[in-house]
Amino acid sequence: MRYANTDPELPDLVRRFVTPGRRYLRLGGSVLRLSGPERAVFALELVKAAAEVTPAELQVLLEGGWRERKTASWLIVVAGRTEFRSRIGELLLASEGPYAGAAYCVALATFGDRPDADLLCQYLDRYLPRPDLDYDQAFALGALLHLDAAVGSERASRFLDAGGLWQQWTDVSPRRDRDPQRYRAVVDELCSFADECAELFTSLDDA
């Protein structure tokens, strides 16, 4: 992992792409609470950043901490850079740190293809049997449900069987919401925002 206080490349990339307007904090649930005009401004700024950043710079950001990885994942989504699918999947499966996992899930849900569902299933197979770990299991299931609805598949169904992995994971803690559709609804909203940005990105690219 690279650190901004010791790495020669990261500080400039953080200044240009991660911290403007506290972007790294707004990418996620916070963006859904923005007013219409605020959301439009934020989306345009995000799209411009996605158009500016290079693949090599994204690689560096994905080697940074959670702020850099979270931001890079969203820039990848907006620009539709599916070539980063495997790297995002690796980071999700590794779960090396907090706060970025939801962005990886949104990226895979937005890419919306079978390999993305495969990665989400791998994650759930690895981490749902670990009720002692409160990582991004709920968000990953929400992303898989989003994908199922988008492509007409039922990949999430085996996790939701009575007495299955989802129930086992949620039974351990009363704080965990057992309704997976609530997590899907959040992913749906974030993917909708991502799609808005992707359309804007395409329009700028065509201009």
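Let me begin with V18, which is in contact (heavy atoms within 4.5 Å) with L13, R23, Y24, L61, R67, E68 and T71, leaving aside its neighbours within four places in sequence. This is a predicted model, in which local features need pLDDT of at least 70 and side-chain atom pairs count only at pLDDT 80 or more, while totals for chains, interfaces and linings use all residues. Residues are numbered from 1 along each chain as its sequence is written, and side-chain values use heavy atoms, with hydrogens and water left out.

V18 belongs to helix α1, residues 10–18. Helices here are DSSP runs of H or I with at least four residues, numbered from the N terminus. With a relative accessible area of 1%, V18 is buried; that word means under 20% relative accessible area, with exposed being over 50% and partly exposed in between, for a 1.4 Å probe and protein chains only. Between the C-alpha atoms of V18 and A149 there are 32 Å, and the two residues stand 131 residues apart along the chain.

I turn now to helix α7, residues 101–111, and its pairing with helix α9, residues 137–151: their axes come within 9 Å and cross at roughly 10°. Axes are lines fitted to C-alpha atoms, for helices over the stretch in contact, and angles run from 0 to 180 degrees between N-to-C directions. The crossing angle therefore makes α7 roughly parallel to α9, a label for angles under 35 degrees; over 145 counts as roughly antiparallel, 65 to 115 as roughly perpendicular and the rest as oblique. On the α7 side the contact is made by A102, C105, V106, L108 and A109, and on the α9 side by F139, A140, A143, H146 and L147. These residues divide into nine nonpolar, one polar and no charged. Ala, Val, Leu, Ile, Met, Phe, Trp, Tyr, Cys and Pro count as nonpolar, Asp, Glu, Lys and Arg as charged, and the others, Gly among them, as polar.

H146, in helix α9, is buried at a relative accessible area of 17%. Not counting residues up to four places away in sequence, H146 touches A109, R184, V187, D188 and C191.

What of α7 and helix α8, residues 114–127? Their axes come within 7 Å and cross at roughly 145°. Here C105, L108 and F111 of α7 meet D116, L119 and L120 of α8, a set of five nonpolar, no polar and one charged.

Finally, L120 is in contact with L92, C105, L108, A140, A143, L144 and L147, its neighbours within four places in sequence left aside.

Technical notes:
Helix = DSSP H or I, 4+ residues; strand = E, 2+ residues; numbered from the N terminus.
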